Number of protein chains: 2
Amino acid sequence: MNQIEHRLKRLFVEPGDGSAGAAAELTKVSAIAESFVEGVEITTDSDLETLMRRFNSSEIPEGTMDFASYIEYVNEQVIPHSIHTSSPLFIGHMTSALPKFVSSLEMLTTAMNQNLVKVETSKAMTLYERQALAMMHRLVYDFPDEFYAENVQSSDSTLGIVVSGGTLANVTALWCARNSSLGPCDGFAGIEKEGLVAAMRFYGYEKSVIIGSRLMHYSFKKAADLLGIGVESLIDVPVDRNNRIDLAALRQAVRDCQMQNQHISAIVGVAGTTDCGSIDSLLQMAEIAREAQVHFHVDAAWGGPLLFSEQHRHKLAGIELADSVTIDGHKQLYLPMGMGMLMLRSPLSARSIEKHARYIIRPNSLDLGKRAMEGSRPNTSLLYHAALNIIGRRGYEFLIDEGIRKARYMAAAIRALPEFELLGEPEINILNYRFVPAHLRERAPLDQLTESDDLLIDSLNKRLQKIQRQAGRSFVSRTTLNVVRRGEDRPIIALRAVLANPLTTESDVDAVLKDQIEIANQLSIASSQPA
Amino acid sequence: MNQIEHRLKRLFVEPGDGSAGAAAELTKVSAIAESFVEGVEITTDSDLETLMRRFNSSEIPEGTMDFASYIEYVNEQVIPHSIHTSSPLFIGHMTSALPKFVSSLEMLTTAMNQNLVKVETSKAMTLYERQALAMMHRLVYDFPDEFYAENVQSSDSTLGIVVSGGTLANVTALWCARNSSLGPCDGFAGIEKEGLVAAMRFYGYEKSVIIGSRLMHYSFKKAADLLGIGVESLIDVPVDRNNRIDLAALRQAVRDCQMQNQHISAIVGVAGTTDCGSIDSLLQMAEIAREAQVHFHVDAAWGGPLLFSEQHRHKLAGIELADSVTIDGHKQLYLPMGMGMLMLRSPLSARSIEKHARYIIRPNSLDLGKRAMEGSRPNTSLLYHAALNIIGRRGYEFLIDEGIRKARYMAAAIRALPEFELLGEPEINILNYRFVPAHLRERAPLDQLTESDDLLIDSLNKRLQKIQRQAGRSFVSRTTLNVVRRGEDRPIIALRAVLANPLTTESDVDAVLKDQIEIANQLSIASSQPA
């Protein structure tokens with residue numbers, strides 16, 4: 001046996017004394033993971049340019065590094081400069097601390113390495129995934145028991161599709177919607193076979209569009225582009241003062257499309273916009289979609305788990321009328337990155353995207369890959385299952401209620417501080433605000449800021465957010481919101497906080513705001529001094 | 001603190017004595033993982049119907065299960081009925097044992113939970129991913145050092161895109177190809193903005209097509225459907241006796257499209273077909289694509305890592321001329337499910353799919369999400385990096401060479417056994433064969449089988465494969481191949497073996513064949529007796 005062969009065998013198989021070696025490896029990595037999670041800093045203050053130089057080589061080594069040396073390198077040179085997304089003071093993006101059991105389960109999932117594209121490489125896990133999907137379907141649609149008895153394990157039915165994230169769920173939803181509404185009929189084999197150009201010609205449409213609020217996630221731009229519809233045919237309807245889609249404008253947009261002989265692939269409602277957490281009026285949107293006989297999709301990637309909360313689920317009223325619903329596992333189901341789900345009201349609607357191959361996913365099989373965008377994929381359903389069982393309805397309810405309670409606490413804290421302007425009441429656990437320099441504080445609440453005032457505040461907040469990120473002690477993100485000033489729409493830069501981490505306390509919220517005031521005061525002083 | 005709150009806090013945070021608890025959890029799960037991987041059986045003989053009844057409920061529990069009870073349930077009721085994909089006797093699909101370090105690293109990745117969509121939630125990991133992509137780019141294209149110095153960490157450049165698997169890589173490649181070839185110009189904002197119907201009208205084409213061999217992966221059907229091209233416009237060119245695309249037929253197909261005023265989105269070459277491992281003549285295909293000025297994509301999801309082998313890399317000659325190349329991490333890079341990559345020859349070609357949002361992936365950022373199909377996604381680059389460093393060039397070379405050597409061993413074993421017919425020499429590590437009942441063995445090699453003989457053999461092999469799978473001792477898959485009989489194409493059922501697992505020995509190969517002979521003999525006897 002040559003040296004390479006010997007080394008390779010050791011990587012894959014345990015020699016006689018190997019178990020001790022593997023256990024030591026796991027203990028080492030586990031200690032690194034723990035120390036990372038328990039760390040206080042969000043990141044080091046190393047700047048990107050320095051790090052870019054560090055990771056600039058592109059040679060593949062011949063292969064002489066052992067695992068211990070590699071993990072030591074990563075622990076010293078890479079991990080400290082990554083982002084502590086689970087920190088209680090990192091309240092700027094849709095990340096959180098995760099329940100501790102997910103790391104162990106992910107290790108198990110990797111060791112088992114099931115491939116959920118087909119039964120032959122997953123067997124029970126395929127059925128287990130179908131069960132997890134049915135549980136989520138029931139959460140959204142709550143159909144009668146007989147419906148589930150019939151559909152949970154039927155190869156004819158697709159209650160939902162597990163995907164790598166909300167973007168793919170949204171794209172898949174629009175794909176099903178487009179294909180179902182331009183399906184086969186006498187003289188036409190359907191858009192799936194003949195394509196969009198032939199479909200428009202056969203059905204006599206000018207083009208196809210997608211309609212939703214201007215706060216739709218950017219994944220709908222990807223969907224519109226991918227599906228051949230084009231980003232310009234993604235119709236952005238204005239929002240009202242609560243950042244919900246303007247229903248009158250939506251009705252008008254639908255009428256306009258009908259008048260102009262345009263095919264509407266779908267109407268999209270958002271349950272928890274990324275910018276500000278607002279939730280469209282789903283019940284009314286469902287009614288508009290029903291009247292127009294158009295697929296109604298709800299992007300509840302963020303807001304879906306509000307369904308667990310007795311107190312807040314009314315905000316999603318109407319979601320049960322949606323033809324399809326996106327929910328992310330890696331957002332408010334508190335699961336690791338790479339987990340999304342599309343729920344489908346009709347167990348038959350995914351047939352419009354069905355595909356087969358010669359060696360797998362044959363027509364009557366239970367293979368999940370036959371109605372899916374992805375092919376080979378990991379067994380994330382074990383994590384869905386585990387979380388639904390271990391956290392459970394009441395646990396998720398608690399997490400949702402707490403996030404919204406803390407967002408209200410933060411809103412109150414912001415209102416109480418003269419340095420900040422709260423930009424709208426938070427509907428759920430996302431809120432927007434900004435720092436206002438002293439000389440403009442009196443005018444801000446009276447809607448008396450001029451455009452140049454706003455530009456000055458924008459620039460200050462942009463720099464504030466950059467400095468806060470760079471310093472690595474605490475973090476919020478920023479976005480651009482449209483506000484109405486004397487009847488006119490104006491884009492302004494807003495700070496954006498997401499309160500989803502159960503480890504974040506009220507004093508953490510106070511600390512983030514205090515950090516910002518200090519940074520901003522230094523900036524204000526600096527900018528008011530002569531250069 | 002109420003009971004739910006108390007339980008939740010324990011799931012997320014370690015109380016004073018918690019570390020011991022978490023360590024115990026990890027030890028328990030790690031023991032389950034180890035016992036699974038070291039098991040002998042591929043699966044239990046429980047049938048799907050029995051398991052379907054077990055996983056048929058769809059109620060979400062209120063949440064009373066602790067982790068220990070949950071994992072006990074999974075270990076007893078679910079795991080034994082999943083598939084031991086890493087078994088040395090499971091040689092039917094593109095799975096293998098994985099190097100042991102990947103489980104620990106996946107645990108670390110989960111604990112760190114970076115989101116690679118943007119720098120703000122990954123920082124160094126974004127740069128680390130760019131570096132891993134550059135390493136793979138160099139493997140495929142081997143451009144001069146200056147090219148990499150300029151492009152590895154430049155926000156303008158995209159050397160590759162990390163995706164959840166080969167299907168998304170192929171779809172992304174075709175998306176870039178379609179958009180680049182129908183881009184903006186005077187009087188047209190480009191297909192990305194205006195859509196496919198407007199693009200066809202503006203450029204004066206009848207429709208768009210994709211051309212490749214009939215052994216293309218089924219993900220190209222998904223791509224054709226998704227992109228609005230339609231599955232019927234995926235032009236399947238016949239293959240030659242070695243299962244490579246027929247180059248004369250390809251040239252003709254290109255000419256036909258040009259004559260009929262059809263836009264060709266891409267020509268697709270395959271490096272390692274799923275059915276039989278054949279590799280198209282990439283050099284000649286690149287030349288045909290260049291002449292026609294069409295994007296040339298190579299699906300090397302399976303075969304890409306042949307580039308590591310001095311002995312076999314010549315089989316991929318021409319891949320360096322491809323505009324885009326798919327390579328799967330979870331195939332012959334021996335990484336866990338959920339890892340694919342698209343490599344791009346030009347660092348600028350992904351600009352044709354670029355998207356932005358208000359809160360992230362702004363135009364000049366380094367955010368990886370701006371040129372990608374997926375949004376939020378996990379830090380799989382740590383695994384690519386680790387494997388390229390720890391396994392290294394020489395390690396991968398050994399793995400590739402060994403797989404092909406074992407496939408040749410198996411081919412020889414099959415030729416030596418009168419019970420089997422070898423269906424073509426394996427080009428790499430995938431091979432096709434079938435069991436032939438005693439009374440037809442003399443005629444098979446002489447190309448004298450009638451259609452009804454083939455149908456009888458088909459039915460026997462189909463049942464053989466099902467029984468072998470159900471018994472759970474060993475596994476090969478099956479597919480449908482076209483063979484030429486007296487000048488006529490005929491589809492026949494073939495057994496399909498994939499020799500990629502470094503744990504599979506020659507005696508394992510013998511054992512799989514022996515198992516099949518025993519099953520088939522029982523079947524032959526049963527079927528020759530009166531009912």
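Biologist: In which hand does H8(B) pass H10(B)?

Modeller: H8(B) crosses H10(B) in a right-handed sense. Bear in mind that this is a predicted model.

Biologist: What describes two packed helices in general?

Modeller: Two packed helices are described by the angle between their axes and the distance between the axes. In this structure, helix H8 (residues 166–181) of chain B packs against helix H10 (residues 219–226) of chain B at about 40 degrees, and their axes are 9 Å apart.

Biologist: Why are H8(B) and H10(B) called oblique?

Modeller: Angles under 35 degrees count as roughly parallel, and roughly perpendicular begins at 65. The angle here is about 40 degrees, and H8(B) and H10(B) are therefore oblique to each other.

Biologist: Which residues in H8(B) and H10(B) meet?

Modeller: H8(B) contributes B:Gly166, B:Thr167, B:Asn170, B:Val171 and B:Leu174. They meet B:Ser219, B:Phe220, B:Lys222, B:Ala223 and B:Leu226 in H10(B). By type, the contact of H8(B) with H10(B) holds five nonpolar residues, four polar and one charged.

Biologist: At what angle do helix H8 and helix H10 of chain A cross?

Modeller: Helix H8 (residues 166–181) of chain A and helix H10 (residues 219–226) of chain A cross at roughly 40 degrees, and their axes come within 9 Å. H8(A) and H10(A) are therefore oblique to each other, and the crossing is right-handed. A:Gly166, A:Thr167, A:Asn170, A:Val171 and A:Leu174 in H8(A) meet A:Ser219, A:Phe220, A:Lys222, A:Ala223 and A:Leu226 in H10(A). That contact divides into five nonpolar, four polar and one charged residue.

Biologist: How many residues does the contact take from chain A and from chain B?

Modeller: Chain A gives 143 residues to the contact and chain B gives 142. On the side of chain A that touches chain B, helix H5 (residues 101–112) of chain A gives the most, with eleven residues. The residues of that side are 72 nonpolar, 43 polar and 28 charged.

Biologist: Which domains does the assignment give for chain A?

Modeller: The assignment gives domain 1 (20–82), domain 2 (117–390) and domain 3 (395–528). Between the C-alpha centres of domain 1 and domain 2 of chain A there are 38 Å.

Biologist: How many helices and strands are there in chain A, and what is its radius of gyration?

Modeller: Chain A has 16 helices and eleven strands. Its radius of gyration is 26 Å, close to the 24 Å that the globule rule gives for 531 residues, so chain A is as compact as a globular protein of that length. Along the principal axes, the C-alpha atoms of chain A fill a box of roughly 75 × 75 × 45 Å.

Note on methods
Residues numbered from 1 in each chain as written. Chains lettered and ligands numbered in written order. Predicted model: local features only at pLDDT ≥ 70, side-chain atom pairs only at ≥ 80, totals over all residues. Domains from an automatic or database assignment. Contact = placed C-beta atoms within 7 Å. Helix = DSSP H or I, 4+ residues; strand = E, 2+ residues; numbered from the N terminus. Nonpolar A, V, L, I, M, F, W, Y, C, P; charged D, E, K, R; others polar. Axes fitted to C-alpha atoms, helices over the stretch in contact; angles between N-to-C directions. Parallel < 35°, antiparallel > 145°, perpendicular 65-115°, else oblique. Left-handed = near helix turned anticlockwise from the far one by under 90°. Rg over C-alpha atoms; globule rule 2.2 N^0.38 Å.
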